[in-house]
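Reader: I am new to this structure. Could you walk me through a few parts of it?

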Amino acid sequence: MIEVDHLTKRYGPHTAVEDVSFRCEPGTVTGFLGPNGAGKSTTMRMICGMTAPTAGGATVAGRPYRELPNPGREIGVLLDASAQHAGRTGREALTLAARTMGVARGQVAAKLDLVGLNETAARRRVGAYSLGMRQRLGLALALLGDPRVLILDEPANGLDPEGIFWMRGVLRGFADRGGTVLLSSHLLREVEAVADRLVVIGGGRVVAQGGKDELLAGAGTLVRARDQHTLRLTLDRAGLPASAGTDGGYVVRAEPEAVGQAAADAGLVLTELRPAGSGGLEQLFLTLTAGASTKEAVR
Amino acid sequence: MTAVTAPAPTLSRPAATGPSLARLTGVELRKLADTRAGRWLLITIGLVAAVIVTVQVFVLQDAAQTFTAFFTPSLFPVGLLLPVLGILSITGEWSQRTALTTFALVPRRERVVTAKLAAVVLAALASVLVSLAVAAAGTLAAGATGGAGTWTFDWHLLPYAAVFQVVNVLMGAGFGLLLLNTPLAIVTYLLLPTVWSVLAAMIRALREPARWLDTSVTMEPLLGPDMTAGQWGRLGVSLAVWLLVPLVAGLVRTLRREVS
């Protein structure tokens, strides 16, 4: 269980995170989505007590992170897979954490095995690891204390497609057994495949949150006509908010029936008319966060 | 990797207790030696002591080759390297960004800092044992090669040597805590005595304060035959400025700093 309550972080005049609130329930995977610089990492660092919030607060398992006596046994955290001492071996990094938490030594080998780092990899220094291997090591570190909550910042970064598929399986299984997962990503497809709930953040603010299906259902209708130009005019005239989709059609924020009726009234020949589905989520993501990423570029 | 199962998160468990300071100190001691750089620093400290004693066996007059004569000179070079150990143990967490993992597991940062200080103090005490061991080896070698090889030892030297090395390592740690940057902390620490002596040579008014504030001056009597009350007083004043202030200010800075 993670509860984020009106978290705000300002750096001088710049507001990195503004009034962010959401909850992650046991048994669910929450996808924390947003373009780079939207405030995902800052929010996660505040949840984990790394950064002091300007206002608001967060609790994990009912307590502020800093008040947990042995947080590694309750929450697995992976904030940055690259934040490992380059001179330590993968096994040594886990051994240090296991000793700190008071976890049995056998768990180190077990978790290395779980994330697919073999004996040779475990003996190598982390400096020689690829980003994908570091992500696997980071996940092993997060799972080491057998926690009930996982907080992962961009865990799929640097993983190959097979690795991403594998990671999804691990997180899904973890949640299905009653665990709580919060994972961030700027890759919509990655989160869509595994998350039950989505929190979309842009420019430091939550711009949408809810169940994935619910957000998908509200994502509108995809429509395509032989005469795209007239279709656009027709939709505008009917007061149906439409935006150009990624592959030529329009995504309309309305039910297919309303769109079909408008097209029929105008005597248009449609070539496609369906709920936008995942394409709609992408559209939602792009429109909701439009401008946020360009703002980030000049920050 | 074919059948992957994450461990089942159990829903009820006994309340987890935090790691004890002894456990954290053990972890920090391990961190001192578990990288190539750290291991070599420790080996270098041992080697330097051994080299100094070996040189003494060759250069000292036969009659002067006593245990004390081997022990005392080995303390200086070791005392120069121990602050580097103190600095690295603190700043390494930030330069290598492992603070992110360390503080995720122990969010009460003051406990991590306390454990680190305890670990480097133990390392400093161990270095005194190394100095004793190489001095003993030197005495045996001297005896075998025609030197005096006498085992006379002023026992008060032992606690003095321990204070000397502990202060050295803690000053390093204090500078590391305050500056949180490896090269900056090392350069500042090593430059400070030089700056003192240059300034004291140039500015007459600084000469008296230097006797109270220049740690290279105030710590020197620790390796001499005896310490007077006045010397202890001057040592205390210099340490309050160069040890206590950086430690406290550095602790406050570390507690507040954003980890990313």
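β10(A) and strand β12 (residues 250-252) of chain A pair in the antiparallel sense over three bridges. Strands (E, at least two residues) and helices (H or I, at least four) are DSSP runs numbered from the N terminus, and two strands pair if DSSP finds at least two bridges between them. This is a predicted model: local features need pLDDT of at least 70, side-chain atom pairs count only at pLDDT 80 or more, and totals for chains, interfaces and linings use all residues. Residues are numbered from 1 along each chain as its sequence is written, while chains are lettered from A and ligands numbered from 1 in the order in which they are written.

Reader: Which residue of β12(A) stands opposite Thr221(A)?

Author: β10(A) pairs with β12(A) in the antiparallel sense. Opposite Thr221(A) stands Val252(A).

Reader: Over how many bridges do β10(A) and β13 of chain A pair?

Author: Strand β13 covers residues 270-275. Arg224(A) stands opposite Glu272(A) there.

Reader: How far apart are the end C-alpha atoms of residues 157-180 of chain B?

Author: The span is 96% helix and 0% strand. Its end C-alpha atoms are apart by 34 Å.
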